[in-house]
Amino acid sequence: MTEDELLDLLRARVAAATAWRGPVELATPGAIAEAEHMIGLPLPPLLRRIYLEVANGGFGPRDGVLGVGENAWSDDGGDIVDHYGDFSSAPGHPRGLVPVYEVGCAIWWLLDFRDPAGPMWGWDPGGCCIEHALAPQGPTLADWLAETHDGGEAREIEQPWVCRPRPVWPPVRPPRRSPPADPTPSGPPEIAADLRKRSAVRIPPTATPRRPAPGRDPRPRWSLSPDAPPRSDEP
């Protein structure tokens with residue numbers, strides 16, 4: 001997609017959308033020059049053309065890209081210079097990264113004014129940590145607007161997640177314990193053995209010899225040899 005084709009798509013979207021409550025306004029060269037002076041860097045050429053030829057904001061994802069100057073489109077009364085002042089006052093914020101679109105919940109898309117191609121950056125303080133909330137995203141301003149020229153939502157901001165692992169949604173839950181095996185055996189049921197009445201006579205174990213009666217010789221009669229002395233209980 002050429003730059004002129006992208007501008008035609010944005011122009012058609014702005015005319016059909018309701019972001020502007022009145023006539024669509026363009027940015028003035030004076031407002032752009034003042035913004036470049038306050039930021040300290042020139043606007044990327046594509047953003048300059050859109051401000052001067054299409055609309056001073058109110059385009060892109062959810063028709064929510066901010067404008068520049070007094071007649072800029074804004075949902076809270078501030079333009080890109082006002083929000084850049086808030087970001088640049090934070091310690092460690094790189095020079096030239098200008099917020100242009102707020103996703104919500106303090107999440108922002110920022111445009112890198114240091115490169116004429118306009119690389120896009122993301123700011124998500126609820127991701128990895130506040131120190132790594134700012135991260136490059138890869139697409140340029142042209143790619144980013146080509147994806148959202150119809151007012152759709154911007155792609156999700158990718159975080160480096162160097163401090164903690166990226167959360168998984170839905171959360172992975174451990175598998176449930178499998179139910180115990182059915183103790184009932186498969187196949188036809190076994191037929192129980194016939195119940196027999198237990199004998200009331202107690203039979204001593206075979207391993208235990210019977211105790212001889214008092215006064216009787218415990219030796220069996222047939223085990224005595226002829227030369228053996230007579231049993232004491234024999235006549």
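Which side chain makes a polar contact with the side chain of Asp63? I looked, and the partner is the side chain of Arg13, at 2.9 Å. A polar contact here is a pair of N or O atoms within 3.5 Å; within protein, one must be able to donate a hydrogen and the other to accept it, and residues adjacent in sequence count only if both atoms are side-chain atoms.

**Ground rules.** I am reading a predicted model, where local features need pLDDT of at least 70, side-chain atom pairs count only at pLDDT 80 or more, and totals for chains, interfaces and linings use all residues. Residues are numbered from 1 along each chain as its sequence is written, and side-chain values use heavy atoms, with hydrogens and water left out.

**Asp63.** I found Asp63 in the loop between helix H3 (45-53) and helix H4 (80-88). Helices (H or I, at least four residues) and strands (E, at least two) are DSSP runs, numbered from the N terminus. Asp63 has a relative accessible area of 9%, so I noted it as buried. Buried means under 20% relative accessible area, exposed over 50%, partly exposed in between (1.4 Å probe, protein chains only). I then listed contacts, meaning heavy atoms within 4.5 Å. Leaving aside neighbours within four places in sequence, Asp63 is in contact with Arg13, Ala17, Ala19, Gly58, Trp73 and Gly151.

**Helix H3.** Next I checked H3, where Leu46, Leu47, Ile50 and Tyr51 are buried. Why do they lie on the same side of H3? They cover an arc of only 135° around the axis. That arc is taken from the directions from the helix axis to the C-beta atoms. The cover over these buried residues includes helix H1 (3-16), helix H2 (29-39), H4, strand E2 (107-112) and helix H5 (141-148).

**H1 against H3.** I looked up the packing of H1 and H3: the angle is about 40°, and the axes are 11 Å apart. Glu3, Asp4, Leu6, Leu7, Leu10 and Arg11 in H1 meet Leu46, Arg49, Ile50 and Glu53 in H3.

**Gln137.** My last stop was Gln137, in strand E4 (residues 134-140). Is Gln137 buried or exposed? Gln137 counts as buried, at 14% relative accessibility. Its side chain reaches the backbone oxygen of Ala135 at 2.9 Å. A polar atom of the Gln137 side chain also lies 2.8 Å from the backbone nitrogen of Glu158. Not counting residues up to four places away in sequence, Gln137 touches Trp109, Met120, Trp121, Gly122, Glu156, Ile157 and Glu158.

Methods. Axes are lines fitted to C-alpha atoms, for helices over the stretch in contact, and angles run from 0 to 180 degrees between N-to-C directions.
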